[in-house]
Amino acid sequence: MKELLQVYFILGSNNTDRDPLIVLEEALQGGVTLFQFREKGDHALQADVKVTLAQQMKELCHRYNVPFIVNDDVSLALDIGADGVHVGQDDMSITDIKKRCPEDWIVGVSATNQSEAEKAVADGADYIGVGPIFGTNTKKDAKRPIGLSGVKQIRAVAPSIPIVAIGGIQLTDVIPLMKVGADGVSIISAISQSEKPMQATQAFARHASYFHQGM
Ligand SMILES: Cc1ncsc1CCOP(=O)(O)O
Ligand SMILES: C=C1C=NC(C(F)(F)F)=NC1=N
């Protein structure tokens, strides 16, 4: 699981002005290790348009042997045969999801502090998304940034669960984040808003793998 978290790309149709399928394919060619479909916020697609995009993105990910995760929408994830879901603290509980969903599903949870992280571990989450690390414009209701120290504190109470850092992350943040205990980084705009998503992803992959070799 920790290897999958190295370069965790997240994309929804409103995170880019381009065709999201083209952006996704370029990022996959650059070495994305895990992908999350997150269709939220202004102009988010709904209903069958959203389902169609999700199915197309899933097929694309599977062509590159990358697992396809759906944010929040457990029913959509089940309907299209996703590889798992990512839920927030106030979404469906992990235990309920684990009951309803395939045994081999990846179930990730957001955590922004030590108690949320401890709860996620107790509930059996497969990984936790820790953040927002830095300020971000991508998520309207993001909480106050927790910085590198926030990751360090969470790793102190959750020594073995896979942790991916998220929120305002740029290339130069990768190695410092891994040094304080993250197993990988989750990125939206640094890749989706890049003029060259493939090259941007390659750079993130190089930094993340460099650190892993170093360990
Ligand atoms: C979904 C989410 N959760 C915490 S911050 C964030 C948005 C991250 O987007 P970006 O990588 O563009 O800052
Ligand atoms: C709010 C979120 C927090 N973390 C993550 C992930 F990086 F996948 F763990 N995804 C989200 N959608």
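Okay, let's start with Asp72: at 23% relative accessibility, that residue counts as partly exposed, since the buried class stops at under 20%. Keep in mind that what we're looking at is a predicted model.

So where does Asp72 sit? In the loop between β3 (68-71) and α3 (74-80). Leaving aside residues up to four places away in sequence, Asp72 touches Lys40, His86, Val87, Gly88 and Asp91.

That last one, Asp91, is worth a stop. You'll find Asp91 in the loop between β4 (84-87) and α4 (94-100), and with 30% relative accessibility Asp91 is partly exposed too. The Asp91 side chain also reaches the backbone nitrogen of Gly88, at 2.5 Å.

Why pick these two? Well, the UniProt annotation "binding site", from an unreviewed entry, covers Asp72 and Asp91. They're spread over 20 residues of sequence but cluster in space, with a largest C-alpha distance of 7.0 Å. And both Asp72 and Asp91 belong to the lining of the largest pocket.

β6 (residues 127-130) and β7 (residues 163-166) run parallel, joined by three bridges, and Val130 stands opposite Ala165 in β7. To get from β6 to β7 the chain goes through helix α6 (residues 147-157), and that β-α-β crossover is right-handed.

Next pair along: β7 with β8 (residues 184-187), parallel again, over three bridges. Which residue in β8 is the bridge partner of Val164? That's Gly184. Here the chain crosses from β7 through helix α7 (residues 174-179) to β8, and this β-α-β crossover is right-handed as well.

Notes. Residues numbered from 1 in each chain as written. Chains lettered and ligands numbered in written order. Predicted model: local features only at pLDDT ≥ 70, side-chain atom pairs only at ≥ 80, totals over all residues. Heavy atoms only, no water. Pairing = 2+ DSSP bridges. Helix = DSSP H or I, 4+ residues; strand = E, 2+ residues; numbered from the N terminus. Right-handed = clockwise from strand over helix to strand, strands pointing away. UniProt positions renumbered as here; feature names shortened; annotations may be inferred. 1 Å grid on protein atoms, 1.4 Å probe; cavity = no way out; pocket = protein on both sides within 12 Å on 5 of 7 lines; lining within 4 Å. Buried < 20%, exposed > 50% of the residue type's maximum accessible area, 1.4 Å probe, protein only. Contact = heavy atoms within 4.5 Å. Polar contact = N/O pair within 3.5 Å; in protein donor to acceptor, adjacent residues only side chain to side chain.
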